[in-house]
Amino acid sequence: MKRWPSLTLFTVMLLALWLLLNDTLAPGHLVLGLVLTVAIALGTAAMRPLRARPHHLLAAVRLIFVVLFDIARSNIAVAGIILGPLKRRSNSGFMRIPIDLRDPYGLAALACIITATPGTIWAGLSADGGDLTIHVLDLQDEETWIRTIKHRYERPLMEIFE
């Protein structure tokens, strides 16, 4: 019975997506969508052996706004790099960031945040999970990037997931 709330949320989200994609609220689509989403949710439950245990909803909401702000700011910065002088484009590179986050859902969220932010890409995680490798389009100061990732993203994700 403990799986019912997450099953319900997953089912509701899938049903909403189904109805949006079909652009209809016809009774037939409602029933078919409900049957399919319940079947998908039950069929994939075994593939999700670890359950996410998020805490601190307020921290999650703050993180969403931080990420949205950073994405907007990064879009402007990337546009400046692309449209700016050619010599500014040669500052890209890979870097390693030591991380303390261990929760798989927190790491997945961090990967999504880093990759969704223009100018950065998650390139890998070390085998022991202690180092994150990212590619940065405008790599000027590695320490600034380390502080940014650790304080703006990793710390709130640890508060949410650990």
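Let's start with L86, which counts as exposed because its relative accessibility is 65%; exposed means over 50% relative accessible area, buried under 20%, and partly exposed in between, with a 1.4 Å probe and protein chains only. This is a predicted model, where local features need pLDDT of at least 70, side-chain atom pairs count only at pLDDT 80 or more, and totals for chains, interfaces and linings use all residues. Residues are numbered from 1 along each chain as its sequence is written, and side-chain values use heavy atoms, leaving out hydrogens and water.

So where does L86 sit? You'll find L86 in the loop between α3 (57-83) and β1 (93-98). Helices (H or I, at least four residues) and strands (E, at least two) are DSSP runs, numbered from the N terminus. From L86 to C112 there are 26 residues in sequence and 29 Å in space, C-alpha to C-alpha.

T117 counts as buried because its relative accessibility is 6%. Which residues does T117 touch, leaving aside neighbours within four places in sequence? They are D70, I71, S74 and Y153, where contact means heavy atoms within 4.5 Å. A polar atom of the T117 side chain also lies 2.7 Å from the backbone oxygen of I113.

Last, the record: an unreviewed UniProt entry lists residues 57-84 and 105-125 under "transmembrane region". Those positions follow the numbering used here, feature names are shortened, and annotations may be inferred rather than shown by experiment. In the model, residues 57-84 are 96% helix and 0% strand, with end C-alpha atoms 40 Å apart. Residues 105-125 are 57% helix and 29% strand, and their end C-alpha atoms lie 14 Å apart.

Note on methods: Polar contact = N/O pair within 3.5 Å; in protein donor to acceptor, adjacent residues only side chain to side chain.
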